[in-house]
Each structure stands twice: as structure tokens, then as C-alpha cells.
Amino acid sequence: MKIVACNSNRPLAEAVAASLNLPLCRALVRRFADMEIFVEIQENVRGEDVFVVQSTCYPTNDNLMELLIMLDALRRGSARRITAVMPYFGYARQDRKSGPRTPISAKLVANLIVEAGANRVLTLDLHAGQIQGFFDIPVDNLFAAPLFTRDIRERYPTRDLMMVSPDVGGVVRARQLAKRLNTDLAIIDKRRERAGVSEVMNVIGDVSKRHCILVDDIIDSGGSLCNAAAALIGSGASSVSAYVTHGVLTGGAVARVSASPIEMMTITDSILGTEAVRLSANVRQISIAQLLANAMRAISDESSVSSLFD
Ligand code: R5P
């Protein structure tokens with residue numbers, strides 16, 4: 001079993017390797033002057049079970065290309081089996097035709113990954129589970145829910161909690177956590193009555209005097225989460241916290257969260273935290289390194305990955 005790190009999140013790859021008590025495979029990923037990517041694997045991988053760790057986060061296209069070129073190098077180096085470990089799977093939100101003459105980029109990315117040489121994919125909280133079907137190779141989709149459940153129990157042992165989905169699309173995810181924690185569930189229903197008229201947030205469920213936890217897979221601009229938090233406080237919630245798997249956090253998202261009523265937002269390290277994240281008073285990261293390491297060990301040993309869903 002060998003672990004190769006590309007450049008998007010080296011600290012996570014190092015933490016995974018440390019959990020597995022393995023050194024990272026010696027490999028070079030660098031740029032030519034014109035920004036072409038060059039990869040050189042500096043040790044023998046012939047016949048090995050290789051895991052490439054790379055989140056396709058910002059800069060998304062560069063990180064995706066690094067992964068593709070690494071997969072190609074490993075296949076040409078005669079690795080026995082190659083698993084693309086993608087803690088954050090970029091382009092996942094483009095999973096259907098959103099209008100006439102638009103692409104399904106998640107499918108295109110799936111094709112590229114397979115074509116480049118991956119035999120399996122390991123990922124976390126895919127934006128839509130059906131993306132697994134875009135691949136004709138095995139895809140293991142891990143869940144952050146067990147990790148979040150443990151963390152919420154430790155952090156808020158005495159609070160009367162309520163899980164909240166910030167939109168109708170995220171209800172299944174929030175309900176999963178509510179079930180694990182045996183709490184109630186509320187839903188934010190976003191509605192724009194007419195184009196150009198601002199969005200109305202209807203809170204479905206009685207959140208008055210409750211400690212609400214917003215649950216989502218991605219925070220990008222922070223708009224959905226911060227507006228949802230304001231709506232909850234407006235409906236009488238005692239406090240609002242958030243658990244989000246992937247901190248995409250573009251533009252001024254961290255500043256927006258800081259200025260919002262969100263008491264604390266917990267994200268995972270599927271995407272490397274920026275300086276703004278590290279300095280933020282109400283954003284914290286918890287690590288998925290052990291979860292990934294357990295899954296990689298299970299894949300390598302041909303044992304159950306689904307046992308990690310509990
Ligand atoms: C949407 O379906 C996702 O689950 C997230 O709610 C969304 O990507 C968050 O985006 P933003 O932070 O820009 O509102």
C-alpha cells in the first residue's frame with residue numbers, strides 16, 4: 001500500500017499517512033515555466049496498491065489536472081490498483097443539465113478520472129449520491145456524520161438541540177444527523193416569489209428557544225448559511241451553530257460567517273484551511289484523517305468500508 005500526495009492538501013495526506021504508519025511515497029509534482037504540470041514518482045510502484053490524495057478544490061482546474069497527470073504516471077508505472085482519494089470532489093454541483101445547452105461537468109470529470117487510470121474512487125459527502133453512478137468503477141462515499149455526531153455530543157452535551165437544513169435539498173443530510181442525535185429537525189424553505197424580488201426564508205418547524213445546528217455539505221460564498229442563521233434568530237432560536245463538511249469558502253465567506261449570528265461553524269479539513277479560517281474566531285476545523293485512513297486500510301485489506309458509516 002502506497003500513499004501519494006498531490007499539492008491541494010498535503011497536511012491531510014501527511015496526517016493520513018501518519019495514521020497508517022506509512023511514509024508518503026516520494027513523488028514530485030511541479031510546474032514548468034508555462035505552468036504545465038510535471039509529475040515524477042521517485043520510487044517503484046510496480047504491483048502496488050496506490051492511493052492518491054487530492055481534493056479538487058480551488059484552484060479547481062489545476063488540482064484536477066494534477067490528479068489526472070498523477071494517475072497517468074502511476075498507471076504507466078504499472079501500479080496494480082490506483083484509488084483516487086478525493087476528500088472534496090469539485091464540479092459535483094454540476095450534476096445535471098441546469099438548462100438547455102449546459103454541460104454535466106461532474107460526469108465529464110468522472111470520465112476524465114477513469115480515463116486517466118483510476119480503478120477506484122474514495123470520497124466524502126458527495127454533493128449528490130447519484131454521482132457514484134457517473135463512474136463505472138467502485139466509488140466509496142464516506143460520511144462526515146459519525147464524526148459530526150461525536151463532536152456535537154462532546155461540544156453541546158447539555159443543550160436542547162435542533163438540526164436544521166438550510167434548504168430543501170439538504171433535508172436528507174440534516175435528518176441523518178437528527179436521527180443519530182435523537183433531536184428534532186427544522187427546514188429553511190427559500191423562496192423567490194418573482195425575479196428581482198428578494199428571497200423569503202420560511203422556517204418550517206418551531207425553533208423558538210432552541211439551540212439550532214445548521215447542517216450542510218458545502219459552504220461556498222456563505223450566503224445560504226448566513227441567511228439561514230439570520231432567519232433562525234429572527235424566529236426566536238436561542239443560538240445557531242453550523243456543521244459543514246466542505247469549507248470551499250470563496251471570496252469574503254469567512255468574513256461573512258464572522259459577521260453572522262453563527263456562534264461556531266465546524267468544517268472538516270477536506271479542503272486545506274486558509275489563513276482567514278485559521279484566524280477566525282467562529283470557524284474551526286476537525287480532521288477526517290483517521291476516517292480516510294480507516295477507509296484506505298479497509299480497501300487495501302478488502303474488508304468492509306460501510307462499517308465506517310456507523
Ligand atoms: C447547495 O446545494 C449546497 O448544498 C450548498 O448549500 C451551497 O453550495 C452553499 O453555497 P453558498 O455558501 O454559496 O450559499
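**Note on the predicted model**

1. At 2% relative accessibility, Leu-12 counts as buried (buried means under 20% relative accessible area, exposed over 50%, partly exposed in between, with a 1.4 Å probe and protein chains only). The model is predicted, so local features need pLDDT of at least 70 and side-chain atom pairs count only at pLDDT 80 or more, whereas totals for chains, interfaces and linings use all residues. Residues are numbered from 1 along each chain as its sequence is written, and side-chain values use heavy atoms, with hydrogens and water left out.

2. Leu-12 belongs to helix H1 (helices, H or I of at least four residues, and strands, E of at least two, are DSSP runs numbered from the N terminus). Not counting residues up to four places away in sequence, Leu-12 touches Pro-87, Asp-269, Ser-270, Ser-287, Ile-288, Ala-289 and Leu-292 (contact means heavy atoms within 4.5 Å).

3. Ser-8 lies in the loop between strand S1 (2-5) and helix H1 (10-19). Ser-8 is buried, its relative accessible area being 9%. Its side chain makes a polar contact of 2.8 Å with the side chain of Gln-54 (a polar contact is a pair of N or O atoms within 3.5 Å; within protein, one must be able to donate a hydrogen and the other to accept it, and residues adjacent in sequence count only if both atoms are side-chain atoms). A polar side-chain atom of Ser-8 is also 3.0 Å from the backbone nitrogen of Ser-55. Leaving aside neighbours within four places in sequence, the contacts of Ser-8 include Cys-57, Asn-63, Glu-66 and Leu-272.

4. S1 and strand S4 (residues 49-53) run parallel and are joined by 4 bridges. Ile-3 stands opposite Phe-51 in S4.

5. The residues surrounding the ligand include Arg-93, His-127, Asp-167, Asp-216, Gly-222 and Ser-224 (a residue is near a molecule or strand if one of its heavy atoms lies within 4 Å of it). A polar side-chain atom of Ser-224 is 2.5 Å from an oxygen atom of the ligand. For the side chain of Asp-216, an N or O atom is 2.7 Å from a ligand oxygen atom. A polar backbone atom of Gly-222 lies 2.8 Å from an oxygen atom of the ligand. The ligand taken alone exposes 380 Å², of which the protein buries 79% (accessible areas come from the Shrake-Rupley method with a 1.4 Å probe; for residues, only the protein chains shown count as cover).

6. The peptide bond from Tyr-58 to Pro-59 is cis, with omega near -10 degrees, and Pro-59 is found in the loop between S4 and helix H2 (60-76).

7. Arg-101 is not a glycine, although its phi is positive at about 60 degrees. Arg-101 is in the loop between strand S5 (81-86) and helix H3 (105-116), and its 77% relative accessibility makes it exposed. Lys-209 likewise has a positive phi, near 65 degrees; Lys-209 sits in the loop between strand S10 (200-204) and strand S11 (211-219) and is exposed, with a relative accessible area of 66%.

Technical notes: Two strands pair if DSSP finds at least two bridges between them.
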